[in-house]
Amino acid sequence: WWWTTASIVMMLLLVGPSVRSPDGMEMLRITASWFGADVQVGDPHFWPPLWSLLNAPGVLLGEPVVGARWLNIFLWGAIAWPLHSAVSTIGGRVPARWAVVIYWCLPMLTLFASVLDARALGAFITTAFVASLVKTASKGGGLGWPTFWAALAPFARPEGILHCAVAVFVFWLMGQGRT
């Protein structure tokens with residue numbers, strides 16, 4: 001938890017001002033329309049609803065951009081948790097700590113963290129999905145968490161549907177004793 005908390009604090013300190021992406025602004029308008037706001041919305045069924053739903057508190061409080069910024073900073077920082085979990089399962093605690101430090105050094109992190117769209121949610125779900133697959137493959141156990149993350153991914157990003165195909169393939173490999 002220390003690494004996750006440190007990651008979130010680092011995001012708060014390093015991320016610049018919000019970058020309003022057209023996609024993210026459309027998703028925030030969709031959220032506002034759910035609560036009766038009179039806003040122009042393109043196709044409300046085009047965007048997966050999870051990021052919009054998670055931004056509902058900011059929209060309700062009248063600060064959708066501020067709420068989306070806080071959500072994305074939290075999500076980009078929270079990636080340290082599944083990243084550390086996956087790497088510690090594979091190689092131990094020391095490599096897991098280095099993985100988080102290297103993650104902090106990625107140039108794309110501070111570039112993408114300020115963009116108000118669902119990238120942060122997609123990255124968090126993908127990292128958690130991979131971490132749950134690593135844990136399941138290495139320690140055995142149920143397929144509940146990988147299935148949960150694979151099922152949640154399409155509600156965050158359109159390409160999240162691919163998680164389901166990857167999960168089916170990995171589950172098949174596990175059944176064949178090839179993991």
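Two residues are in contact when heavy atoms of one lie within 4.5 Å of heavy atoms of the other, and in this sense A123 touches W76 and I79, once residues up to four places away in sequence are left out of the count. The model described here is a predicted one, and the report moves from the chain as a whole to a handful of its residues.

## The chain as a whole

The chain contains 11 helices and 0 strands, and, read from the N terminus, its elements follow one another as α-α-α-α-α-α-α-α-α-α-α. The radius of gyration is 18 Å, which is close to the 16 Å given by the globule rule for 179 residues, so the chain is as compact as a globular protein of that length. Along its principal axes, the C-alpha trace spans about 55 × 35 × 25 Å.

Of the 179 residues, 43% count as buried. The accessible surface of the chain comes to about 9700 Å², and 70% of this surface belongs to carbon and sulfur atoms. When contacts between residues at least 6 apart in sequence are considered, 68% of them join residues at least 24 apart. As for charge, the chain carries 10 positive and 7 negative side chains, and the centres of these two sets lie 21 Å apart.

Is T31 buried or exposed? T31, which is found in helix α2 (residues 22-34), counts as buried because its relative accessibility is 0%, where buried means under 20%. The side chain of T31 reaches the backbone oxygen of M27 at 3.0 Å, and, leaving aside neighbours within four places in sequence, T31 is in contact with S52, N55, A56 and V59.

T126 lies in helix α9 (residues 119-139), and with a relative accessible area of 32% this residue is partly exposed. A polar atom of the side chain of T126 lies 2.8 Å from the backbone oxygen of G122.

## N72 and its surroundings

Which side chain is joined to that of N72 by a polar contact? The side chain of N72, a residue of helix α5 (residues 64-78), makes a polar contact of 2.9 Å with the side chain of W51. N72 has a relative accessible area of 0%, and therefore counts as buried.

W3 belongs to helix α1 (residues 2-14). With residues up to four places away in sequence not counted, W3 touches A80, H84, R97, V100, V101 and W104. A123, the residue with which this report opened, is found in helix α9, the helix that is also the place of T126.

A151 has its place in helix α10 (residues 144-152), and because its relative accessibility is 42%, A151 counts as partly exposed.

## Distances along the chain and in space

| Pair | Separation in sequence | C-alpha distance |
|---|---|---|
| W3 and W145 | 142 residues | 22 Å |
| T126 and P48 | 78 residues | 15 Å |
| A123 and R157 | 34 residues | 9.4 Å |
| A151 and I161 | 10 residues | 8.0 Å |

How many residues along the chain separate A123 and R157, whose C-alpha atoms are 9.4 Å apart? The two are 34 residues apart along the chain, while A151 and I161, which are 10 residues apart, have C-alpha atoms separated by 8.0 Å.

Key: Residues are numbered from 1 along each chain as its sequence is written. This is a predicted model: local features need pLDDT of at least 70, side-chain atom pairs count only at pLDDT 80 or more; totals for chains, interfaces and linings use all residues. Side-chain values use heavy atoms; hydrogens and water are left out. Helices (H or I, at least four residues) and strands (E, at least two) are DSSP runs, numbered from the N terminus. The radius of gyration is taken over C-alpha atoms; the globule rule is 2.2 Å times the number of residues to the power 0.38. Buried means under 20% relative accessible area, exposed over 50%, partly exposed in between (1.4 Å probe, protein chains only). Accessible areas come from the Shrake-Rupley method with a 1.4 Å probe; for residues, only the protein chains shown count as cover. Lys and Arg count as positive and Asp and Glu as negative; His and the chain ends are not counted. The place of a charge is taken as NZ of Lys, CZ of Arg, CG of Asp or CD of Glu. A polar contact is a pair of N or O atoms within 3.5 Å; within protein, one must be able to donate a hydrogen and the other to accept it, and residues adjacent in sequence count only if both atoms are side-chain atoms.
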